[in-house]
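User: I've got a model open and would like to talk through how it is put together. Can you take my questions one at a time?

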There are 2 protein chains.
Amino acid sequence: MADSIDRLIEEFNKLPGIGKKTAQRLAFHVLRIKKEEAENLAQAIMDVKEKIRYCSLCFNITEKDPCKICADKKRDRSLICVVEESKDVLAVEKTGQYNGAYHVLGGVLSPLDNIGPEDLKIKELLNRLKQKGVKEVILATNPSTEGEATAIYLAKLIKPLGIKVTRIARGLPSGGALEYADVNTLANAIEGRVEF
Amino acid sequence: MADSIDRLIEEFNKLPGIGKKTAQRLAFHVLRIKKEEAENLAQAIMDVKEKIRYCSLCFNITEKDPCKICADKKRDRSLICVVEESKDVLAVEKTGQYNGAYHVLGGVLSPLDNIGPEDLKIKELLNRLKQKGVKEVILATNPSTEGEATAIYLAKLIKPLGIKVTRIARGLPSGGALEYADVNTLANAIEGRVEF
């Protein structure tokens, strides 16, 4: 075939979860769409690389520093939700239930991958906690082995500062069934039971 | 979130088979990769729109006119395989079993979608057949209702030119089972049986 279509198939194929067949389908789609539409896609890809920075306060991705959330005066800055990645901020924001600030660690502690505390924005989190009137830190790392370990590590560092530290609840997902829950999830749900 | 990441999610979401969640995953992937890698992807998209032309002989996509296959002197030009789309050329080429030329119709007859003979490269196919020493035309449109109808239509036009017209075989796919074959497939397999 034409070299440029082969190269586009190859480039799409490099994206996560995009196999050879899907990459081919996408490349032929690009061939079919209007030039402006293809330009929009190419431009959006480049814009992300050129415009996106990290917020100097919460380390969420942003185009302006500080980010929209940190700059928003209606948000409760006495509450900080600590998450692993920017996409977790997006997930929490979608609930519409949270009105505090965030702190994006940029990953989790993972000795096997050589990721220690100095590789995450932990020092920056502690500096934020020392300076401002923060009342509560919600540890919202994932309920994975690394996420749990990171939460425990952070709790140990934050508690001595006299700030309330909480962890997001672990239990059965909404719509889930006891029958199909794994052992850890069910154990967490029982351990974390709340009074009716 | 940042506008540019929202826009990239939206652009990915426009691609076929890419839902909201996958688009988000892809956008965050682009955010993570090196700038050069993102540039390669954006450039590959634009290259396809800028460099790809249609071959003036077979109407396959190409960067040079005539295309590699039409320009290749080792290919048997007395044999023309008629397909619906460029990706079908790719599929036939992958078999490694075909050494003739191609003719890409650019679609199939579909009265419901207002696609008639004048919307396909049929006139161009007949001109090719009149000029050159073509001995056989293989009709390799898809075994769908429209593909079959297009093949029948073409056969009626080509036969009077004194050229052999063949249709790709329809039957059980390799690795298939009679038990699971649909009625039409099995009927075709019986009808198209060949002597042992």
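User: How many salt bridges are there over all chains?
Analyst: Keep in mind that this is a predicted model. The cut-off is a side-chain nitrogen of Lys or Arg within 4 Å of a carboxyl oxygen of Asp or Glu. Over all chains, the count by this rule comes to 15 salt bridges.

User: Take Arg75(A) and Glu93(A): how many residues apart in sequence are the parts that this pair ties together?
Analyst: Their side chains meet in a salt bridge, with N to O at 2.8 Å. Arg75(A) sits in the loop between helix H4 (68–71) and E3 of chain A, while Glu93(A) belongs to helix H5 of chain A, so the pair links parts whose separation in sequence is 18 residues.

User: Which salt-bridge partner does Lys68(B) meet in chain A?
Analyst: Between chain B and chain A the count is four salt bridges. In one of them, at 3.2 Å from N to O, the side chain of Lys68(B) meets that of Asp3(A).

User: What share of the area buried between chain B and chain A comes from carbon and sulfur atoms?
Analyst: Chain B puts 49 residues into the contact, and chain A puts in 49 residues. The buried area is about 4,600 Å², and the part given by carbon and sulfur atoms is 70%.

User: On the polar side, which element of chain B gives the most to the side that touches chain A?
Analyst: Polar contacts first: the rule finds 16 residue pairs across the interface of chain B and chain A, both at pLDDT 80 or more. Several elements of chain B supply at least two residues each to the side touching chain A, among them helix H1 (3–14), helix H2 (20–32) and helix H5 (86–95). With 15 residues, the one that gives the most is H3(B).

User: And how many residues on that side of chain B are charged?
Analyst: Split by class, the side of chain B that touches chain A has 23 nonpolar and eight polar residues. The charged ones number 18.

User: How far apart are the axes of H5(A) and H2(B)?
Analyst: In this contact Ser86(A), Lys87(A), Leu90(A) and Lys94(A) of H5(A) meet Gln24(B), Phe28(B) and Arg32(B) of H2(B). By class that makes two nonpolar, two polar and three charged residues. The helices pack at an angle of about 145°, and their axes are apart by 11 Å.

User: Why do E4 and E6 of chain A each have one side without a neighbour in the sheet?
Analyst: The open sheet of chain A has four strands with parallel pairing, in the order E4-E3-E5-E6. Strand E4 (100–104) and strand E6 (164–167) stand at its edges, so each has a single partner strand.

User: What angle does H6 of chain A make with E4(A)?
Analyst: Helix H5 (residues 86–95) of chain A lies across E3 and E4 of chain A, at about 155° to E4(A). Helix H6 (residues 122–131) of chain A packs on the sheet too, touching E3, E4 and E5 of chain A, and its direction relative to that of E4(A) is about 150°.

User: Over in chain B, which residue is the bridge partner of Val83(B) in E4(B)?
Analyst: The four strands of chain B form an open sheet in the order E4-E3-E5-E6, with parallel pairing. Five bridges join strand E3 (residues 76–83) of chain B to E4(B). In E4(B), Val83(B) has as its bridge partner Val104(B).

Definitions and conventions. Residues numbered from 1 in each chain as written. Chains lettered and ligands numbered in written order. Heavy atoms only, no water. Contact = heavy atoms within 4.5 Å. Buried area = accessible area lost by both parts, 1.4 Å probe. Polar contact = N/O pair within 3.5 Å; in protein donor to acceptor, adjacent residues only side chain to side chain. Nonpolar A, V, L, I, M, F, W, Y, C, P; charged D, E, K, R; others polar. Pairing = 2+ DSSP bridges. Axes fitted to C-alpha atoms, helices over the stretch in contact; angles between N-to-C directions.
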